[in-house]
Amino acid sequence: MSIRGPNPPDTLRLLEVLREHHVKAVFCLWGDHVVEHPEVARAIARAGHTLCNHSMHHDDLSTWTPEQIAADLRETSAAIRRAVPHARIPYFRAPYGAWGASADVAASLGMRPLGWRYDIADWEPPGTDVLVQRLLDRLTPGAVVLAHDGGGDRSQTVAAVDRVIPVLKAQRWRFTLPEGC
């Protein structure tokens, strides 16, 4: 699962849910949010989740020059490392899935581009029951699922994740991280 934030209180509750269910995730960190909530970034790292650079301001980087992209990704990684010194940031996820040159630039900076199989569209927000159904209906083996813990009230997402994990575990699904985590 790929998660975008951080955003208290939803990120902190999501961390509790993941801990209770013994699941690790990749948290795609928006630099502005890390600057605003460094304690939440530290909590994510302390809990053993993987950190991912998700740009500084969540801009569409697809039309930017490689130099502009590199500056943004460096600024974001620096913000993450101010909150979490010596943080390992193995991934970059492009805002809106709009890559342009960002995948190549991220790779040149030592980060693997991280895509997703489907977005549960929890930014609408459609309600917990709808999110649960989306998660159950769209899941395929090896899928990276995009969910959000930032950008507004994400309590429905947290509740949906809490409900879905036990169902999937009972069906013998395993929760794994992308290669390189």
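A residue counts as exposed when its relative accessible area is over 50%, and as buried when that area is under 20%. With that in hand, here are some close-up views of this predicted model.

**View 1. His-86, an exposed residue in a loop.** His-86 sits in the loop between helix H4 (66-83) and strand S4 (91-92). Its relative accessible area is 79%, so His-86 is exposed. Look at the backbone here too: His-86 is not a glycine, yet its phi is positive, at about 65°. For context, most residues other than glycine have a negative phi.

View 2. Ala-121 is found in the loop between strand S6 (118-119) and helix H6 (128-138). Like His-86, Ala-121 is no glycine but has a positive phi, here of about 55°. Its relative accessible area is 11%, so Ala-121 is buried.

View 3. Pro-9 belongs to the loop that links strand S1 (2-5) to H1. The peptide bond running from Pro-8 to Pro-9 is cis, and its omega is near 0°. As a reminder, most peptide bonds are trans.

**View 4. Helix H1 and its buried side.** Helix H1 spans residues 10-20, and its buried residues are Asp-10, Thr-11, Leu-14, Leu-15, Val-17 and Leu-18. These residues cover an arc of only 165° around the axis, so they lie on the same side of H1. After H1 comes His-22, with a positive phi near 55°.

**View 5. Trp-173 and its contacts.** Trp-173 lies in the segment that comes after helix H7 (155-170). At a relative accessibility of 28%, Trp-173 counts as partly exposed. Setting aside neighbours within four places in sequence, Trp-173 is in contact with Leu-139, Thr-140, Pro-141 and Leu-168.

**View 6. Stepping back to the whole chain.** The chain has 7 helices and 7 strands, which run β-α-β-α-α-β-α-β-α-β-β-α-β-α from the N terminus on. A compact globule of 181 residues would have a radius of gyration near 16 Å, and the chain agrees with this at 15 Å. Of the 181 residues, 49% count as buried. Among contacts with a separation of 6 or more, 72% join residues 24 or more positions apart.

Conventions
Residues numbered from 1 in each chain as written. Predicted model: local features only at pLDDT ≥ 70, side-chain atom pairs only at ≥ 80, totals over all residues. Heavy atoms only, no water. Helix = DSSP H or I, 4+ residues; strand = E, 2+ residues; numbered from the N terminus. Rg over C-alpha atoms; globule rule 2.2 N^0.38 Å. Buried < 20%, exposed > 50% of the residue type's maximum accessible area, 1.4 Å probe, protein only. Contact = heavy atoms within 4.5 Å. Arc of directions from axis to C-beta.
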